[in-house]
Amino acid sequence: MALQTQPVPNASPLHVLRSVCVLLLAASATVAARRHGPAAPIAGQSMYLAPSCRAHTASLTDFGGVGDGTTSNTAAFKSAVDHLSQYSGEGGGGAMLYVPAGKWLTGPFNLTSHFTLFLHSDAVILGSQDMGEWPIIDPLPSYGRGRDKAGGRYASLIGGSNLTDVVITGANGTIDGQGAMWWSKFHSNKLKYTRGYLIEVMHSDTVVISNVTLVNSPAWNIHPVYSSNIVVQGVTILAPTHSPNTDGINPDSCSHVRIEDCYIVSGDDCVAIKSGWDEYGIAYGMPSQHIVVRRLTCVSPTSAVIALGSEMSGGISDVRAEDITAVNSESAVRIKTAVGRGAYVRDVFVRGMSLDTMKWVFWMTGNYKSHPDDGYDPNAIPVVDNISYQDVVATGVYKEAARLEGIQGAPFRGICIANVTATLSKSRKYPWTCTDIEGVSTGVTPAPCQPLQGAHDGACPFPTDTLPIDQLVMQQCAYSVPASI
């Protein structure tokens, strides 16, 4: 099956959103990718957003894919990507792999550059339950070991390294990690290696993940690491709220990241910004910075809506979050660090949060005790500074308005809280817990703890400049079934 792709001039974003759900099925035994001319204006044309449109497209069925939910398609995915990689070089025009309706069982496979993986609305990529299909790979150098276990880790279901211009998108098709097996083995301590993630891209530039649904990941869902220019947009992530470590989106030692219009139900943090673990992260020295999170909706009863850390030993700075909605979540924003982490969390700006049924609104932890080994430096003291929260309304807060615990001798400084109302389920004599912090506040109910009662003249700071990731140009790309089919 061949599909046509081309830029579509003057199409509105609303038209794109309406059209992306419309896709015609086609059947063909034609093998290999084809170079396309301009798409004819035929019925059923659909569109997607990408940094660049692709000149070549092929279907997974062209490479022997069988969407019956039981046949392994690992070889088909690998063969398809390998074949389409011939178009990834300069002047090759790039390629799109189309995943039709069906249930496509597969083990891990890697993507290539200038490449789009597109899922039909009724396509489901299923993570294999055969652990023999999941290769063991090296731990991340900034972690020194697997996150679950010392040593290596299982590959992620969809991965890639040293890539440029990669898109994972669709008409809201599904990637299902079938994580229950992994969760059970993790809880019973039957895994020798760290669980794989649903999507992990490493050492890559310009990665877009949009309009897909991710469910039941073995562990983290989306993990860009050592990468830049990342967009995660219009993604739905679903996992049981008791599932272990099913974080939603975890940019890790990444710069220029945009996360927007996502809906996440998770057994862990909905968004967690990271940058390496203790001495390994300090040695690797790659921060996460220039990150924006907008219009996020989160449900996470045991974790944070947005977390910073706890693995932050490369540093975290310039994080901007706004227009956040959360229900039944442990905390809205949590900063997690510890002696031994080193580095910094600074210049964090949050505004416009609507929260209901929260344990805490804000939580800062300076004694997070998880370490990769005993080799961490007890003199590596993290710096937390210039943290701003404003325009927050929280109802049904059942523990405290905030639990803010810095590090003795190294207090968290520069905290600003303004125009915040937290309605507690039950009246408490001490609605705030504060130790080793310094800051200011205004317009905060209930009245904050004494270390936050410094004089303040109004709103907390929020940057007015535009981040480079907001200037990433996205084309509106069309594809359709040729009239001859």
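**Cavity, strands and disulfides**

Tutor: A search of the whole structure, which is a predicted model, finds one cavity of 30 Å³ or more.

Student: What is the volume of the largest cavity?

Tutor: The volume of the largest cavity comes to about 70 Å³.

Student: Which residues line the largest cavity, and how does its lining divide by class?

Tutor: The lining consists of Leu-140, Tyr-143, Arg-145, Gly-146, Arg-147, Arg-153, Thr-194, Arg-195, Tyr-197 and Trp-220. By class, four of the residues lining the largest cavity are nonpolar, two are polar and four are charged.

Student: How many bridges join strand 8 to strand 13?

Tutor: Strand 8 (residues 109-110) is joined to strand 13 (residues 158-161) by two bridges, and the two run parallel. Within this pairing, Asn-110 stands opposite Gly-159 of strand 13.

Student: Over how many bridges does strand 13 pair with strand 16, and which residue of strand 16 stands opposite Gly-160?

Tutor: Strand 13 pairs with strand 16 (residues 199-202) over four bridges, in the parallel sense. The residue opposite Gly-160 is Val-201 in strand 16.

Student: What joins strand 16 to strand 19?

Tutor: Four bridges join them, and the two strands run parallel. Ile-199 has Ile-222 of strand 19 as its bridge partner.

Student: Where do the side chains of a regular strand point?

Tutor: As a general idea, side chains in a regular strand alternate between the two faces of the sheet.

Student: Why is strand 7 described as largely enclosed by the rest of the structure?

Tutor: The reasoning rests on burial, which means a relative accessible area under 20%. Four of the five residues of strand 7 (residues 102-106) are buried, so strand 7 is largely enclosed by the rest of the structure.

Student: With which strands does strand 7 pair?

Tutor: Strand 7 pairs with strand 5 (residues 68-72) over two bridges in the parallel sense. Strand 7 also pairs with strand 10 (residues 123-127), over five bridges and again in the parallel sense.

Student: Now the disulfides. How many are counted, and what is the pairing of the bonded cysteines?

Tutor: A pair of cysteine sulfur atoms within 2.5 Å is taken as a disulfide, and the count comes to four disulfides. With the bonded cysteines of the protein numbered in sequence order, the pairing is 1-8, 2-3, 4-7, 5-6.

Student: Why is the disulfide of Cys-53 and Cys-477 called left-handed?

Tutor: Handedness is read from the torsion about the S-S bond; for Cys-53 and Cys-477 this torsion is about -90 degrees, so the disulfide is left-handed. The pair links distant parts of the chain, 424 residues apart: Cys-53 lies in the loop between strand 3 (46-50) and strand 4 (56-59), and Cys-477 in strand 34 (residues 475-480). The sulfur atoms of Cys-53 and Cys-477 are 2.0 Å apart, and both residues are buried.

Student: What is the handedness of the disulfide of Cys-270 and Cys-298?

Tutor: The torsion about the S-S bond of Cys-270 and Cys-298 is about 75 degrees, so this disulfide is right-handed. Cys-270 is in the loop between strand 23 (263-265) and strand 24 (271-273), and Cys-298 is in strand 25 (residues 288-299), so the pair ties together parts 28 residues apart in sequence. Cys-270 counts as buried because its relative accessibility is 0%; Cys-298 is buried, with a relative accessible area of 0%.

Student: How far apart are the sulfur atoms of Cys-416 and Cys-460?

Tutor: They are 2.1 Å apart in this disulfide. The link of Cys-416 and Cys-460 is left-handed, with -85 degrees about the S-S bond. Cys-416 lies in strand 31 (residues 412-424) and Cys-460 in the loop between strand 33 (437-445) and strand 34, so the pair ties together parts that are 44 residues apart in sequence. Cys-416 and Cys-460 are both buried.

Notes:
Residues are numbered from 1 along each chain as its sequence is written. This is a predicted model: local features need pLDDT of at least 70, side-chain atom pairs count only at pLDDT 80 or more; totals for chains, interfaces and linings use all residues. Side-chain values use heavy atoms; hydrogens and water are left out. Two strands pair if DSSP finds at least two bridges between them. Buried means under 20% relative accessible area, exposed over 50%, partly exposed in between (1.4 Å probe, protein chains only). On a 1 Å grid over the protein atoms alone, a cavity is a set of points where a 1.4 Å probe fits but cannot get out, and a pocket is an open set with protein on both sides within 12 Å along at least five of seven lines; lining residues have an atom within 4 Å of a point. Grid points are joined across faces, edges and corners, and a volume is the space filled by probe spheres set on the points. Ala, Val, Leu, Ile, Met, Phe, Trp, Tyr, Cys and Pro count as nonpolar, Asp, Glu, Lys and Arg as charged, and the others, Gly among them, as polar.
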